[in-house]
Each structure stands twice: as C-alpha cells, then as structure tokens.
Amino acid sequence: MDALAAAVDTLLEDPDASVDVDVPTPAEAARAVRLFDQGLRSGRGVHRKMAEGALHGAKTLSTDRLQVLSEFVQNSDDTGAEQLRILLRSDHLLIAHDGAGLHLADVLPLGMPWLSGKTADAESTGRFGIGLSTLRTLTTVWEVHCHPFHVRFSGTGLEPVAPPELPAEISGPEWTVFRIPLTPGTLTAGQLHAWFDDWNDASLLFLRHLRSLEVTAGGQSTVLSLIRADVTERRLLIEGVEHEVSVQHARATDGALWRVYTAQVEPHPDWERSHKALGPLVPVSVALPLEHGAHGSVHAGLPVAPLDLAARVHTQFDPVASREGFASSLFNTQLVPVIADLWTAAVRDVLESVDHTAWHLVPLALPSGSAPATLLQDRIRTALLTRARQSLAAELALPVAEDGPTALLTEFAVEEDALSAVLDATDIARLGEAPYTLPAAVRDRAGRWREVLSDWRAEGAAELRPEVRVMDALSLATADGRRLRPQPAENAFADAAGGTTGPLDLLGVVLDLHPAYAEDNAWAKTVTAWLRRRDCLVRRDDTAAVLKIVSRLGKAGGRLADGDEATETARLVALQQALGDMPKKLRDPLGPGIGRAVLLNGITYDKDGTEQSRRVMPGAAYLPQALESADGDRFEVAARRTPGLIWVRRSYARTLLSAARAGGLSRTVFLRLLGVADVPRVTAVRERSADTKTYPGDSRLGLARYCRWSAAGRWQQLMVAGADHTLDDLTSSACAHSRDLVARNARHSDGAARTRRARSPCACAQRPGRSLSRGTREVRRRRHGATGPARARGPASGPRYGARGAADPPVPRRRPGTRTAFRDRADRRQSGDPGGHGRTASRAWPADRRCVPANRCSRLSHRSAVAVTG
C-alpha cells in the first residue's frame, strides 16, 4: 500500500488523525477522492444508514433555509480568509474565499454529517460538523474546487469532477470555490439580498480574519466590510484582576464607529465547553457604538441572538447545533459575569475618556410585564443593567468643567427638566447643596443622561442627589408680601381669572399671588402655566378644586391652621355645605383626606370618670348618642365613661347644619364622612404562632378554638361544629376598653339602665371569632340535618347555627363584651325562610359595613340565634 492509500485508510479509521502526505497534482487528488468513496461504500451498512439519516435530519436542523450561508462565513474565517464572495448565477451559486486551501484531511469533514475537524481547535468556531450538511435545504449535490482538489459530494458519496469555468475574480489558485447547482426557482436574487439585509458591517466585528463580504445577485452587489485600527491598550479590572485589554476602532462602510475591547482571561478550573476544546486563554470582547441608534447582539463569532442594548458582546459561548440560539450550559452562565466586568470597564472608559455624552451605552429597565430573563441574552442584559446601577453609578467620574478635574456623580447637582433653561450652574449647585452642577458638556442632546440618572436614583445607586425641583427653586410672592415655595400638599394660589372671593376662603389654603403674576407677559404666563399644570392654581369659587386641595393636605399629613372656636366652627359648616353640594360619588373619596386635615372638639374620661376636653382627629373619635340619626341606643350608651375613648362634643348637634340646609348632607353623615365612627373600630387579628394558623391557598388567618380571646360560647359552638379554627376574624380596641366597664356597670345599675346598656350594640360585641371555613359550614349543616344547598355567607357574617329540624339551636349566653344579633321566626319568614329553619343573615353596621345586629336586636328569641363578631 502506497503512502496516499495508507493516509486515506488512516483518515477513514480516525478522521482526527494527523497524516503527512503530499497531494501535488489533480490526478493524485482524484485518486484520493476515489479511495475515500470506496472506503465509505465498503463500510458496514449500519454506518451508511446512520450517515444517510443524519443528512436527512440536517435538512430540517434550522428554521432558516439559508443558514448554510452563515456557516460558509464562519468557516471562511476559520481558514484565515480575509475575503468572501457569494455570486448567484442562473443555475448555480458560487461561494469563494481566499483562506487556506483544501488538504487531504479536510475532504471527509466537508461532506460527512456530524464529522468535524475543529473540535480540538479551541480558537475556531466550528464544533458539530453539521454546517455544510444544511446545504440539503438547497440541493443534494455540490462541489468544492481548490487546486489540486475538485470534488463532487452527493449524499454520502463523493467523486472527482472536472474543474469548472469560474469568473476571473475567483479563479486564482488562492481561492477555494464551492459550486452549488440549483434547480430553477430554488433561490432568487431578491431572496438572497433580503436574507443579507439583516446583516450589517457590525456582524463581522468579532471575526478573527474576515474583513470583507460581497454578495452579488441579479446585477446588484452588497458589500460588508470593516476598517480596523489599533487605538490603545488599557489595564482594566475583570473578575477583580487587572488584564491587558486591546482597544480597536472599527469603521463601517456607513461611517459608524465601534470601539472594540478585547481581553484574554484564564479559564477557571471548573470551566468546560460543550463538544469543544478549551484553550489556555478565553477571548472576551465588547464592542460599543460611539453613535446613537446601533443595535446590540450576542456573538459566538457571528451574531447569534439580539441584545436589547447598545453593545455587542462575544466570547466562546456554547451555541445550539443550528446556531439559532445558545445552549443552556453551565459554561455559558459562568461567562456572563466576565462579560459584565469587561462591559462595565469599557463603558466607564468611553464616558470618562472618549465621549462624556455617550449615555446611550447605559441600559435602562425594560417595561413592566416583559418576558422573564430565561435566555442567555436576557441574563446578559440583566447582569449589565445591575452593573450599571451598582458599579458604574458608584465609580463613574466626570469632568466638573471643560478640561477641569473630575468628580464622582455624587458630587453633582442636577435640575429637573423644567428648570434647564431657567437656572444657571451656580444656582443649581446651591439649591442641590452640591459642590458642582453636572456640566452641559456631559449632557447628551437626547436627554438620555437624565433617564439614566433617574433610574440610578430610583434604585438607590451611589446615593445620587435628588433633582432640584421647581418648587425648590421657585419662590412666589404673595399679595401680602410673603415669599412662599409652591407645595401642592400644603397650599394653592388663586387664579386671577376667577372670582376674588369664594365660599371656602376661611380655610386659608388658597393664597393670592402678587399682582405681577397677572400681567400679560411671557414670564408671568410661564409661572402661572406651571402652577396650573401642578394643580397649584385654582379659582376661589371652584369649591370642588379647593376641597381637593384640603384632602391632599390631609393625606400629606398637614392640617388647617388653628383658629378660635368660632372660626373652626365656621370652617366645619363651610366644609359641610360644600361637600353637600357635591355629588356623593365625588365627595366620598375626598372625605377621609379632609378628615385628616381638621381637628374636632372632643371629650374623654379618665379612669375616675372625670370628663376632659380634647382636640381630636375625626379618624380617632366616636359619635355621641346626641348626634346619632338612627333610633335606639347606640355605642355611647354601652361604652358610657370608658377611659381611652374620645367622643366628639354634643354641641356639634347645634352648630352643624341639618340635612335640609346642607344639600342633604346631615351633620351625622358629614362627621362619618370625615372619619368619626359610631361603632367600635375593628381591625384584623394579627398572626400569633400560639393562637393563629395559616392555610395554603387561603389568604385568611385562622383563629384557634382555644385562643386567648375565645369566649365560652364561641368554643362551645366550634366544638359542636367540629371546627378548630375560625377565619378572617376582627378585633376592636374600643370593645376591649369598654368590656369590663360595661360588666361592672350592668351589675350595679337598676333594671332599666342595665337592660338599655345590654341591648346597645357594644353589649353585643363579641370577641374575635367570625366565620367558619366553607368545609366546616358544610359539616355543620349535615350534622343538623339541613336540606338543600348552602346559602352564600353574607359580608362578615359570623359562626351560624344550622337548622335542627324540630329542635331549636341553643341561644349563646350573653357575656360582657360579646355581641349577638337575634331574629325571630316571623322575621325569617319575611326574609324568605318561611319555616324558619334556614340560616339567618346579619346586617351591616353603618360605619364599618361589616356586621350589625338586626333592627329587632332587642327582641330576644329562643327560636334562632346568630353570633356576629365585632
């Protein structure tokens, strides 16, 4: 066996073997090709079938039928080519590069699927050996011509072929030409150009050798190329260690300039590439566009996936076989922080040394609702955004003036946009209490710098100073000579276009501006327009607008100025009248805020029962019996002189307006609107490990049967129902204050007074224990023999008794501090339960709309009882 045959036999046995044999002539090359074909055909049938199946699978490997063109570009770069030309003819496609020629060991990997000669080459991109097999989307036969080899591949076979006539520009010995026969209509010039429209010069940024790509079809040519120039070397921190980083400028054909940073990092011991050798150094590159509008991408040589920021990044990522995305490999994840380190250092270098206005390089948060970061490009973007908000924001130093010293961002003051053309740098620095103002030389025209700093400020990055606001800088002159800053939560100014007086003037929240602001000039119009946009300029006769200001004042924690008793009474009357004139749907949202802005006169009692005067916010006060509009005894009768409770003075029954005089808004409803309560205020029971329990899939809190607050009647009924917890319970500090006092007073009072207090709502207030779970209610109904579907539980209804047929449920013993509502059988007939055997429903108390005794709560009945919580 001669040397050529031995070399072919060796490569058929081990395609990765190294052979040293010269093939000088086309005749010798043709003989080698025949030997390869004979060897493949003489192999075992199972191997041929496997190869044929792999070729068929390659046809559908990629969703892009022209993906093979990317493979040609990448393979050309791996051979060291500087030029790649693609020419479409009527019946064939020519692809030629000027890289290293074809050798004997290259023949088999070119045509056999999943056979790669690059697995051991850490620097080359190929690894799977499937790239050119995707040619089957265009043809099943193709040729390669490179002196002295002229080979045709067809399926799993190969044969020598005569050299074709080639265009002069690719006919020299330095060219390797692939000829791909096409049937008519397989690939048109328009389709080829459209495919390359998604490419641009920047697609070639991270190729090691290729500098020019030319596509010619239908008489039209497209050329992609980059002109590279070494700029400098930088020592930058990557993974906490300084690395030598080369910096290049790459100029595209359209004039776009990219600044490319490339470092070589040592791999970690646990790094391992997929189906590819790992060299002693791993190249990591970041390319930053020095102009606006460039699109980003993640490269593995060529771009593989889009990146939603102004940067292109590259390293030895593991792609999937189709090169349409990246593998979910540990190695890819380990490379992300390395890319992030180099990107952070590169962006800082550009902003500090190249272009102070290159804020377009800094990413901003994606809109809410964006897809989760699951793909590699998403994880890279998230990492770069985090580094920008942390490292870059803290370390970036910019010049304080042209050719001046630099300072960290924390030393700069900036103004909000409305003040950009109003204040000078000195005023901004003074108002921002900073040494410097961010100079105009570092602010880009598009205003991206402001968005970036706002994002960093919102994330708490580097403790950046807040923007100087108009209200910080603007000092308005009032008609009485005062100088005030406009504070939407504290005051408003009168619009000169309105009346000179208004019904709510005595509130003092609308101030008159100096007459100069009403003059017809640009300066006055600018100020008043700004005030109007921020709801700081209102007409005095616009009561709705003034009420909104008062509500805003209260919600911000402010209050109306103190006045004497007559003035404050007049204010309340004015508020009542103004709210009464508004539709209910408009006044209801304003009431709580207005209630926080006013104080009422009230009384409270000490432990000895002595009355004391208090000033109280409506939200902390209770309504006395004298101000109740409903018949019957109310909360004050039961609570009496309970220490800690504050009651608004009964004198408001005389000073406030009746409903007829206040647009239908009675004094009682007005006080409730401000926040005064006529029943004990209830709050949710807080979680305590010993007394409460949480349930999966149910946000309500369970209160244990034997909790520290449980009453005898409550746990007895839980026992009967077979339940160990109630859900969604409420408690009231007012009931806790008054419970013991009610009990003592009931023991020492005469019969009529005792009965009156016992029938008042507070005497019916029960300790926590409000609703049983749905499953518990069903158990209770089955035990009691109820028939028919369970009725829906009303709002905040408490533990209820089911029907017992002929037997009546027991009446819970009325204990001090418990509340139970009773309804007789006649009431139940009226409510649609003629037999009186269904569940009864409680009504909502006017103040909390949760639980309320029935109107006939004083009419005790042994026929039915419903426990209601407070």
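These are my notebook entries on one protein chain, taken from a predicted model.

**Overall make-up**

I began with the chain as a whole, and I noted 23 helices and 33 strands in its secondary structure. Of its 870 residues, 49% count as buried, and the exposed surface comes to about 40,700 Å², of which carbon and sulfur atoms supply 50%. I then turned to the contacts with a sequence separation of 6 or more, and found that residues 24 or more positions apart account for 65% of them.

**Nonpolar cores**

I looked up the largest nonpolar core, which has 65 residues, and I listed Leu 288, Trp 359, Ile 380 and Trp 456 as the members with the most contacts inside it. Helix H7 gives the most to this core, with 13 residues. For Trp 456 I set aside the neighbours within four places in sequence and wrote down the remaining contacts, among them Trp 359, Val 362, Leu 392, Leu 409 and Leu 464; the list also includes Arg 389. I recorded a second, separate core of 60 residues, which includes Val 8, Leu 66, Trp 142 and Ala 202.

**Aromatic pairs**

I counted eleven aromatic pairs in the structure. I checked the burial of both residues, and Trp 142 and Phe 153 are each buried.

I next took up Trp 271 and Phe 331, whose rings form an edge-to-face pair at 5.9 Å centre to centre, with 80 degrees between the planes. Trp 271 sits in the loop between strand E10 (257-265) and strand E11 (282-289), while Phe 331 belongs to helix H7 (residues 330-354), and the pair thus links distant parts of the chain, 60 residues apart. Both Trp 271 and Phe 331 are buried.

I also traced a cluster in which ring pairs link Phe 72, Trp 142, Phe 153 and Phe 178. Elsewhere I noted a charge over a ring: the charged end of Arg 681 sits over Tyr 622, 4.7 Å from the centre of the ring.

**His 97**

I found His 97 in strand E2 (residues 92-97), and with a relative accessibility of 5% this residue counts as buried. A polar atom of the His 97 side chain lies 3.0 Å from the backbone nitrogen of Gly 99. Not counting residues up to four places away in sequence, I listed the residues that His 97 touches, including Ser 76, Thr 79, Gln 83, Glu 174, Trp 175 and Phe 178; Phe 178 is also a member of the ring cluster I had traced above.

**Pro 26**

My last entry concerns Pro 26, which is placed in helix H2 (residues 26-41). Apart from residues up to four places away in sequence, Pro 26 touches His 147 and Pro 148. I also looked up Pro 160, which is 134 residues from Pro 26 along the chain, and found a separation of 9.2 Å between the two C-alpha atoms.

Key. Residues numbered from 1 in each chain as written. Predicted model: local features only at pLDDT ≥ 70, side-chain atom pairs only at ≥ 80, totals over all residues. Heavy atoms only, no water. Phe/Tyr/Trp six-rings, centres within 6.5 Å; stacked < 30°, edge-to-face > 60°. Buried < 20%, exposed > 50% of the residue type's maximum accessible area, 1.4 Å probe, protein only. Helix = DSSP H or I, 4+ residues; strand = E, 2+ residues; numbered from the N terminus. Lys NZ or Arg CZ within 6 Å of the ring centre and 35° of its normal. Contact = heavy atoms within 4.5 Å. Areas by Shrake-Rupley, 256 points an atom, 1.4 Å probe, with all protein chains shown as cover. Core = buried A, V, L, I, M, F, W, Y, C linked by side-chain atoms within 4.5 Å. Polar contact = N/O pair within 3.5 Å; in protein donor to acceptor, adjacent residues only side chain to side chain.
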